[in-house]
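Trainee: I have the chain open and would like to go through it with you. Could we begin with what lies in its interior?

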Amino acid sequence: MVMPQAQSTGETIVQVRNLTNRFGSHTVHERLNLDVYRGEVLGVVGGSGTGKSVLLRSIVGLQTPVEGSVHIFGQDMLSMPPAQRSQLERRFGVLFQRGALFSSLTVTENVAMPLIEHAGLGRADAEHLAGMKIALAGLPAEAGAQYPASLSGGMIKRAALARALALDPAILFLDEPTAGLDPIGAGAFDELIVTLRDALGLTVFLVTHDLDTLYTICDRVAVLSNRQVLVAGPLDVVESTDDSWVQDYFHGPRGRAASHARRRALEIK
Ligand SMILES: Nc1ncnc2c1ncn2[C@@H]1O[C@H](COP(=O)(O)OP(=O)(O)OP(=O)(O)O)[C@@H](O)[C@H]1O
């Protein structure tokens with residue numbers, strides 16, 4: 001089992017302030033604040049519909065908030081000129097909930113696409129580099145020639161991860177990366193995330209419902225509740241927060257099992 005290595009330097013690289021998102025009369029976030037530190041794996045949790053994905057989309061620029069600011073590397077995302085913003089957005093790797101690969105393209109073509117479109121590489125160079133990203137994501141070389149429909153769920157996640165890594169991102173945004181994977185596949189994927197974070201010096205923003213992921217790879221956890229971040233901190237701080245959702249989630253049977261497994265892993269270490 002991998003354990004978080006607490007790589008964070010404490011330097012804030014994503015700063016969300018007073019973020020408000022509304023769809024019609026439905027307010028999803030209201031004056032929400034959150035910091036993400038360089039080098040950490042931050043897990044974002046909360047009940048269904050609390051706005052975890054909308055928060056991720058707001059940070060990466062796919063959702064324009066009604067109010068508030070998002071600073072990344074100290075730069076104000078919402079007020080910068082489009083060309084500068086698109087430069088900055090290239091430093092994000094995003095893995096969406098359903099992988100979002102193009103079904104008519106092979107894995108290699110999917111991974112090469114951002115290199116051709118955004119880095120201006122020729123097809124041969126892009127496909128060569130794509131092969132390296134595919135290997136980095138833990139896929140066998142043969143997977144490159146396959147189409148998404150012929151891949152298992154775990155391989156699709158890895159292919160989508162390879163594409164998210166294509167442009168050498170500084171921050172990796174993952175929306176429920178282990179959803180739909182069996183426990184062994186999910187554990188292997190968690191391990192891969194930590195390995196990549198350590199090897200590439202990534203910062204990871206991870207939306208998840210997976211308690212094992214929280215206990216095995218997250219340095220800090222942020223809980224979304226009532227349109228805001230209820231608490232953000234190390235697991236022991238979050239677990240002891242006096243809130244009914246937090247208590248049910250972390251101290252229910254699944255939370256207890258994940259916590260127990262983590263303690264055992266620490267003892268074995
Ligand atoms: N484009 C949209 N138009 C209207 N409503 C939206 C839109 N995107 C999200 N919402 C609403 O915003 C709320 C938060 O959605 P979001 O997907 O962020 O929740 P979540 O916390 O990620 O949920 P889950 O854990 O179930 O994936 C939901 O009520 C959702 O229906």
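Trainee: Which residues touch the most other members of the largest nonpolar core?
Mentor: This is a predicted model. In its largest nonpolar core, which has 66 residues, those with the most contacts to other members are Leu42, Val44, Ala159, Val204, Phe205 and Leu206. Helix H5, residues 153-164, gives the most to this core, with seven residues.

Trainee: Take leucine 42. What is it in contact with, leaving aside neighbours within four places in sequence?
Mentor: Leucine 42 is in contact with Val36, Val204, Phe205, Leu206, Cys218, Arg220 and Ala222.

Trainee: Which strands pair with S8?
Mentor: Strand S3, residues 41-46, pairs with S8 in the parallel sense over four bridges. In that pairing, valine 41 is opposite valine 204. Strand S7, residues 171-175, is also parallel to S8, with five bridges between them. There, isoleucine 171 is opposite threonine 203.

Trainee: Is S7 mostly covered or mostly open?
Mentor: S7 is mostly covered, with five of its five residues buried. Ile171, Phe173 and Asp175 point one way from the strand, and Leu172 and Leu174 point the other way. S7 also runs parallel to strand S6 (residues 92-95), to which four bridges join it. Glycine 93 stands opposite leucine 172 in that pairing.

Trainee: What about the backbone at glutamate 176?
Mentor: Its phi is near 45°, a positive value in a residue other than glycine. Glutamate 176 lies in the loop between S7 and H6.

Trainee: Is glutamate 176 buried or exposed, and why?
Mentor: Glutamate 176 is buried, because 20 other C-beta atoms lie within 10 Å.

Trainee: Where does asparagine 226 sit, and what is its phi?
Mentor: Asparagine 226 is in the loop between strand S9 (220-225) and strand S10 (228-233). Its phi is positive, about 50°, although it is not a glycine. Asparagine 226 is exposed, with 11 other C-beta atoms within 10 Å.

Trainee: Changing topic: which residues surround the ligand?
Mentor: The ligand is surrounded by Phe23, Val28, Gly46, Ser48, Gly49, Thr50, Gly51, Lys52, Ser53 and Val54. Three residues, the largest share of this shell, come from helix H1, residues 52-60.

Trainee: How does the shell divide into nonpolar, polar and charged residues?
Mentor: Three residues of the shell are nonpolar, six are polar and one is charged.

Trainee: Now the open sheet of four strands. What is the strand order?
Mentor: The order is S2-S1-S4-S5, and the pairing is antiparallel.

Trainee: Which strands stand at the edges?
Mentor: Strand S2 (26-37) and strand S5 (75-76) stand at the edges. Each has a single partner strand, so one side of each has no neighbour in the sheet.

Trainee: How many bridges join S1 to S2?
Mentor: Eight bridges join strand S1, residues 12-23, to S2, and the two run antiparallel. For example, asparagine 21 has histidine 29 in S2 as its bridge partner.

Notes: Residues are numbered from 1 along each chain as its sequence is written. This is a predicted model: local features need pLDDT of at least 70, side-chain atom pairs count only at pLDDT 80 or more; totals for chains, interfaces and linings use all residues. Two strands pair if DSSP finds at least two bridges between them. A residue is near a molecule or strand if its C-beta atom, placed from the backbone, lies within 6 Å of it. Ala, Val, Leu, Ile, Met, Phe, Trp, Tyr, Cys and Pro count as nonpolar, Asp, Glu, Lys and Arg as charged, and the others, Gly among them, as polar. A nonpolar core is a set of buried Ala, Val, Leu, Ile, Met, Phe, Trp, Tyr and Cys residues joined through C-beta atoms within 7 Å. A residue is buried if 20 or more other C-beta atoms lie within 10 Å of its own, exposed if 12 or fewer, and partly exposed in between; C-beta atoms are placed from the backbone. Two residues are in contact if their C-beta atoms, placed from the backbone, lie within 7 Å.
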